Amino acid sequence: MFPLAGIPDTIASALSSYRPVFCREAGFAHISRYISGLLISPNKTLQGIYNQIVWSPTKQISRRAMFESIFESG
């Protein structure tokens, strides 16, 4: 399986209508990665999805962003 280097265009365009639901960009980005991983990754766990994503070496990603985005979305 190839690593996930970004959000596929079809998923990004489908999720763009849900952007107003999320207060923070980090939360929306995390949800986009999570949904992409659920659709593409053979291992549907959070750890399996995270293992498949290619992370930028200069960017820190927090797993709390998903939970924060869900609770802030109202």
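This is a predicted model: local features need pLDDT of at least 70, side-chain atom pairs count only at pLDDT 80 or more; totals for chains, interfaces and linings use all residues.
Local features need pLDDT of at least 70, side-chain atom pairs count only at pLDDT 80 or more, and totals for chains, interfaces and linings use all residues. Residues are numbered from 1 along each chain as its sequence is written, and side-chain values use heavy atoms, with hydrogens and water left out.

**Figure 1. Overview of the fold.** The protein has 4 helices and 0 strands. Helices (H or I, at least four residues) and strands (E, at least two) are DSSP runs, numbered from the N terminus. The pattern along the sequence is α-α-α-α. Of 74 residues, 28% are buried (under 20% relative accessible area; exposed is over 50%, partly exposed in between; 1.4 Å probe, protein chains only).

**Figure 2. The largest nonpolar core.** Ile-11, Leu-15, Phe-22, Phe-28 and Ile-31 make up this core. A nonpolar core is a set of buried Ala, Val, Leu, Ile, Met, Phe, Trp, Tyr and Cys residues joined through side-chain atoms within 4.5 Å. Helix H1 (9–15) and helix H2 (25–40) each give two or more residues.

**Figure 3. The aromatic pair.** The structure holds 1 such pair. Phe-22 and Phe-28 are tilted, 5.8 Å centre to centre, with 50 degrees between the planes. Ring centres of Phe, Tyr and Trp (its six-membered ring) must lie within 6.5 Å; planes under 30 degrees apart are stacked, over 60 edge-to-face, the rest tilted. Both Phe-22 and Phe-28 are buried.

**Figure 4. The salt bridge.** Arg-19 pairs with Glu-25, the closest N and O atoms being 3.2 Å apart. The criterion is a side-chain nitrogen of Lys or Arg within 4 Å of a carboxyl oxygen of Asp or Glu. Arg-19 counts as partly exposed because its relative accessibility is 24%.
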